[in-house]
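Here is a friendly walk through one protein, in questions and answers. Each answer sets a value beside the rule that gives it its name.

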Amino acid sequence: MDWMKITVLTTTIGSEIVSQMLIDAGSQGTIIEDKNDVQMNQRPEGQWDIIDEEIARRIGDDVKVIGFYPMDNRAPDTLSFVKDRARELPAIAPGIDLGKLEVNMSTIDDEDWAENWKSQYKPFRLGKHIVIRPGWEEYDAEPTDKVVTIDPGMAFGTGTHETTGMCVSLVEEYVKSGMDVIDVGTGTGILAIVAAHMGAKHVIASDIDPMAVRVARENIEINGFSDVIEAREGNLLEAANTTAEVVIANIIADVIIMIAAPVRAFIKEGGVFICSGIAREREDEVIEALKKAGYGKLDKRNDGEWTAIACQRD
């Protein structure tokens with residue numbers, strides 16, 4: 001079967017919004033090509049870079065978000081839908097720089113499609129010791145590396161986004177050996193697996209999407225943490241029946257504002273709420289909601305257009 005490849009030009013901060021638009025149009029997943037990801041994933045000076053900087057030059061200044069669709073009788077309507085929605089996005093997300101929102105279409109065959117997105121996903125480093133490795137790539141680990149093997153299954157995040165990187169750094173800092181952890185909206189399970197690598201004794205990884213739960217369970221098993229991590233379907237209130245020293249939510253600002261108060265009941269006294277996926281324009285709103293809900297000692301991190309926060313339950 002031939003596939004239609006739709007590419008939308010946007011910005012780093014607009015990439016998640018455009019990605020969701022393409023998924024709403026029927027894509028099973030998206031590729032985000034952003035030169036900022038390449039810069040973020042370089043090793044310290046004096047070591048070999050994990051990703052060649054030539055990739056950044058090839059990508060260019062525009063962030064490209066790519067979706068794939070069957071080239072069947074629905075393809076013209078799909079393309080029209082994407083173009084119409086792209087024109088509407090500035091009104092839907094006022095105040096956010098979404099870039100050009102130029103829509104381009106090409107076709108590829110089934111085999112090329114499968115290899116196209118996989119070729120973009122290489123091992124990369126997050127935080128101090130975490131290396132994310134797709135299952136089809138080899139990686140020679142260094143002595144201090146903790147390798148997380150991930151198969152995103154085409155439908156979920158690969159971990160390259162700034163929000164995940166900041167969350168990993170915060171998990172490395174705040175999750176200690178013997179702790180209980182809850183990961184809300186786990187997706188592929190990356191953050192739950194990182195928490196297990198940090199020594200968490202029990203992790204609940206929840207997601208409202210049953211396909212995400214299935215993918216997370218597969219990744220948990222691949223990484224050897226089936227005895228530590230439970231992947232459960234449902235939102236936080238449905239999936240968690242216990243408290244934890246650390247609760248993680250890498251979602252979006254609106255959801256964090258909404259769950260800031262109820263999630264507090266699932267955090268042990270003195271425990272930490274790690275939240276990310278916050279556009280920098282919204283960080284003041286999120287901080288205000290967290291303070292009103294009874295959190296203190298805010299540890300705020302910024303990367304590009306995004307913010308992550310770790311805060312303590314008073």
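**Reading the labels**

Q: What makes the pair Arg125 and Asp145 a polar contact?
A: The side chains of Arg125 and Asp145 are joined at 2.9 Å. The cut-off for a pair of N or O atoms is within 3.5 Å, so this pair in the predicted model qualifies.

Q: Why is Ile257 called partly exposed?
A: Ile257 has a relative accessible area of 29%. Buried would need a value under 20% and exposed one over 50%, so Ile257 falls in between. This residue belongs to helix H10, residues 253-263.

Q: What does Ile257 touch, not counting residues up to four places away in sequence?
A: Its partners are Arg282, Glu285, Val286 and Ala289. Take Glu285: it is 28 residues from Ile257 along the chain, while their C-alpha atoms are separated by 7.7 Å. The contact itself is judged on heavy atoms, which must come within 4.5 Å.

Q: Why is Ser276 called buried?
A: The relative accessible area of Ser276 is 0%. You will find Ser276 in strand S12, residues 267-279.

Q: How do you know that the side chain of Ser276 makes a polar contact with the backbone of Thr163?
A: It reaches the backbone oxygen of Thr163 at 3.2 Å, and the cut-off is within 3.5 Å, so the pair counts. Thr163 is also one of the residues in contact with Ser276 once neighbours within four places in sequence are left aside; the others include Met166, Ala249, Ile252 and Thr307.

Q: How do you know that the span of helix H4 is close to the expected one?
A: H4, residues 75-92, has 18 residues and reaches 24 Å from its first C-alpha to its last. At 1.5 Å a residue, 26 Å is expected.

Q: Where does H4 kink?
A: At Ala86, by about 30°, shortly before the proline Pro90. Ala86 is also among the buried residues of H4, with Ala75, Thr78, Leu79, Val82 and Leu89.

Q: What covers the buried residues of H4?
A: The cover includes strand S1 (2-10), helix H1 (15-24), strand S3 (63-70) and strand S4 (103-109).

Q: Which residues touch the most other members of the largest nonpolar core?
A: Ile229 and Ile274, in a core of 41 residues. Helix H7, residues 190-197, gives the most to this core, with seven residues. Apart from it lies another core, of 24 residues, among them Ala249, Ile287, Ala293 and Cys311.

Q: What is Ile274 in contact with, beyond its neighbours within four places in sequence?
A: Among its contacts are Cys167, Leu170, Tyr174, Val246, Ile248 and Ile309.

Q: How many helices and strands does the protein have?
A: There are eleven helices and 14 strands. Of its 314 residues, 53% count as buried.

Definitions and conventions: Residues numbered from 1 in each chain as written. Predicted model: local features only at pLDDT ≥ 70, side-chain atom pairs only at ≥ 80, totals over all residues. Heavy atoms only, no water. Helix = DSSP H or I, 4+ residues; strand = E, 2+ residues; numbered from the N terminus. Buried < 20%, exposed > 50% of the residue type's maximum accessible area, 1.4 Å probe, protein only. Polar contact = N/O pair within 3.5 Å; in protein donor to acceptor, adjacent residues only side chain to side chain. Expected span 1.5 Å × (residues − 1). Bend = angle between axes of the 7 residues up to and from the residue. Core = buried A, V, L, I, M, F, W, Y, C linked by side-chain atoms within 4.5 Å.
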